[in-house]
Amino acid sequence: MVRSICMRRSVRSGNRFLTGAALFRGLRTLVPILLTSVTASSAFADRLDEVRARGTLVWGGDEEGGGPYVYPDPANPRRLVGFEVELAEVIAAELGVRAEFHQADWNTLPNFLESGEIDVILNGYEWSPQRASLMLASRPYYIYELQLLVAKRNSQINSWEDLLPRPGAGQAKIGVMQGTAAVGYVRGRLGDAARIIEYDGNTNAMQQVSAGVDDATVQDLPIAVFYRNLPQGSGLRFVGEPVGRGYYVIFAKNGETRLIEAINGAIESAFRDGRLRRIYEKYGLWNPTQDGLLAARPEPRGDVVLRGWDAVAAYGPVLIEAAGTTLLLSFLAMPLAVLLGLLVALGRMYGPAVLRAPLSVYVEVLRGTPLMMQLLFIYFVLPELLKMVGIHGMNRLAAAVIGLGVNYSAYEAEIYRGALQAIPRGQMEAALALGMTRRKALRLVIVPQALRIALPAVTNDFIALFKDTSICSAIAVIELTKQYNILSNSTGARLELAAMTAGLYLAMSYPLSVMVRRLERQLGGEREK
Amino acid sequence: MICVERLFKRFGSMEVLRGASMSVAKGEVAALIGASGSGKSTFLRCLNGLEMFDAGSVEVSGEKLGGGVGGTAPTALSHLRRRVGMVFQQFNLFPHMSVLQNVMSGPLHVLGLSRGEAAARAEKLLARVGMADFVDRRPGMLSGGQQQRVAIARALANEPDVILFDEPTSALDPKMTGEVLSVMADLAADGQTMLVVSHAMEFVRRTAHRVHVFVQGEIVESGPPAQVFGEGAHALTRELLEH
């Protein structure tokens with residue numbers, strides 16, 4: 001019986017693999033690094049020669065980040081538009097090649113650059129000392145500023161000062177996109193006075209403000225302007241003047257000086273003959289600030305990077321804290337899953353006939369759609385619906401616990417159903433014959449036995465849930481995987497961080513595995529007697 | 001004590017009971033014999049509502065059971081079942097409970113006795129069936145005969161008016177059969193009202209007050225063992241006993 005439950009579980013392993021892939025996204029790039037550095041050096045002098053020989057400039061970006069950078073044309077979703085699409089074409093033309101877009105998660109673009117899958121990153125990457133120490137920056141192609149946005153109906157916040165804590169009100173919640181300069185700016189300006197919530201995408205951060213979940217968001221001005229003109233942006237209001245000037249630059253791999261010089265030349269010539277200005281005007285991005293583009297030149301080299309044991313000492317505590325969140329999510333979501341799963345299984349097996357069809361739909365829908373989708377729905381779509389009935393806001397941690405718990409309850413329900421079916425009919429008959437009611441017989445006789453049978457499979461599920469907590473990063477819960485991603489992109493100590501993260505996961509899940517094996521041995525032995 | 005009149009029951013197209021009637025007096029040991037599939041087990045299970053019957057009437061300890069669709073209300077049924085114990089062919093002990101907890105489960109969870117009272121009663125009954133030394137064991141660690149004796153103690157623990165035995169020794173080898181039958185004979189000697197479905201003819205001959213012979217869902221003959229096992233028995237009874 002138990003074995004058949006375990007086999008049913010393997011259907012799920014695809015999902016689990018995905019999580020593993022997310023965790024080791026950084027590690028995965030290590031092998032290609034070694035390979036490409038060998039092949040590239042033997043065939044071509046450098047990347048610029050390779051680009052010219054190939055005839056394409058492969059530039060990396062993230063469509064999910066949206067307009068006005070690079071996004072699907074609303075009229076024809078298969079075609080990409082955006083000012084960076086046109087900029088890439090101009091630069092490629094200057095180099096005498098075609099531009100080719102490569103899609104990747106915004107925060108992982110440096111990994112793709114490192115592995116050689118892309119030639120350059122061209123996607124609103126701000127110049128920062130950290131980034132400049134890891135990659136080679138071009139001259140700026142755009143001077144951005146940051147814009148504070150709040151919900152239109154919010155009359156409380158009319159300046160940056162209004163974000164500071166006031167008596168009677170809690171900390172302001174400010175959504176920003178993970179890894180952007182806005183994070184550093186808000187942290188530097190407000191410190192611990194406000195709570196910063198880091199999202200995977202700009203649109204998510206803005207949406208949570210219009211939905212009333214967060215109080216404000218800080219966005220690069222181009223995005224703010226772009227969204228002001230879209231229906232999705234209609235619920236937002238600009239507050240104060242733009243702040244925190246900075247530069248968008250193109251990044252190539254360290255050492256690719258010739259490629260960056262060629263790109264710098266292309267940007268300069270496109271600026272001088274007005275092509276750049278025409279592109280920016282087309283997207284409503286041109287402003288007098290851009291006249292200073294040619295004069296602007298951030299320092300090409302940044303500050304030191306911590307490596308080795310220094311990195312472990314510096315980032316370890318932060319990772320351990322995030323591991324705490326992972327544990328918290330697991331230990332809150334699993335009891336919910338067990339309880340819901342048991343109720344669903346009992347309802348399907350012993351409940352009234354009218355309940356059975358809806359409950360089997362519940363199980364099939366939850367098993368048939370990805371956990372990631374369900375989390376995104378609960379956190380980003382549900383608040384929109386709740387708003388209509390007058391409920392505002394949704395706690396991230398609560399959304400994550402509910403999402404995980406409800407998703408896993410479907411798998412639990414199937415485990416318990418199998419276990420309940422494995423209880424001989426005579427057990428119920430014996431309990432009824434003693435005069436127990438059906439309910440009492442279930443509680444005292446059937447369920448305790450079913451739980452015993454289900455225990456190994458449930459514990460296995462707990463380990464799976466524990467690893468699936470990493471999916472909660474999609475709704476800006478900073479658990480272990482998310483923290484790893486944030487740190488590895490902002491510090492460059494990727495190997496050390498990946499090793500620590502994997503070590504922490506193992507340290508948490510190994511005791512569980514040992515427990516499962518022991519339980520299985522015990523229960524197996526008990527049955528043989 | 002028990003009065004059953006013209007009981008009918010079908011499973012799909014198969015008629016299992018075709019108008020079986022009998023009555024059992026207080027203190028009487030009634031044996032139900034018949035070939036496999038003759039309906040005797042189903043008949044027994046109709047008496048405590050584990051099976052619904054289609055037509056006829058059943059009265060146990062002054063309570064009437066309803067037949068047909070709907071049957072008897074669940075609360076009335078569980079009230080009736082407190083007064084009717086049952087012992088199954090496969091013992092059906094609760095494997096996750098100790099021997100003592102199994103026997104306590106009726107008094108504690110159904111009759112509402114305190115834990116101490118229930119335990120005292122259970123220990124007394126376990127001593128009566130010769131299982132006093134096994135109170136802390138799990139059923140899985142006992143032989144079949146020992147399990148069945150615990151099951152009898154469990155059925156006795158509600159102090160029922162009548163106990164239904166559904167082929168209590170069919171799953172046991174001869175040695176274990178003997179120990180269970182001797183416990184049952186002791187109960188009979190103490191005046192416990194019992195209905196026993198059994199193939200153990202020697203036991204039936206010695207212990208039963210009345211024997212009811214089932215053939216294809218009907219009771220073809222009822223009478224004291226001397227009559228049923230004697231020369232003047234019904235032709236169908238003789239045919240059954242010859243096999």
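The following questions and answers concern a predicted model.

User: On what basis are residues, chains and side-chain values given here?

Analyst: Residues are numbered from 1 along each chain as its sequence is written, chains are lettered from A and ligands numbered from 1 in the order in which they are written, and side-chain values use heavy atoms, with hydrogens and water left out. Because the model is predicted, local features need pLDDT of at least 70 and side-chain atom pairs count only at pLDDT 80 or more, whereas totals for chains, interfaces and linings use all residues.

User: How many helices and strands does the secondary structure of chain A come to?

Analyst: Helices (H or I, at least four residues) and strands (E, at least two) are DSSP runs, numbered from the N terminus. Counted in that way, chain A comes to 21 helices and 12 strands.

User: What percentage of the residues of chain A count as buried?

Analyst: Buried means under 20% relative accessible area, exposed over 50% and partly exposed in between, with a 1.4 Å probe and protein chains only. Of the 529 residues of chain A, the share that counts as buried is 53%.

User: Is Arg47(A) buried or exposed?

Analyst: Arg47(A) is found in helix α5 (residues 47–54) of chain A. Leaving aside residues up to four places away in sequence, Arg47(A) touches Arg54(A), Gly116(A), Ile118(A), Asp119(A), Glu256(A) and Leu259(A), where contact means heavy atoms within 4.5 Å. Its relative accessibility is 10%, so Arg47(A) counts as buried.

User: Which residues of helix α11 of chain A are buried?

Analyst: Helix α11 (residues 221–228) of chain A has seven of its eight residues buried, so this helix is largely enclosed by the rest of the structure. The cover over them includes β2 (71–73), β7 (142–151), α10 (202–210), β10 (216–220) and β11 (236–248) of chain A. The buried residues are Leu221(A), Pro222(A), Ile223(A), Ala224(A), Val225(A), Phe226(A) and Tyr227(A).
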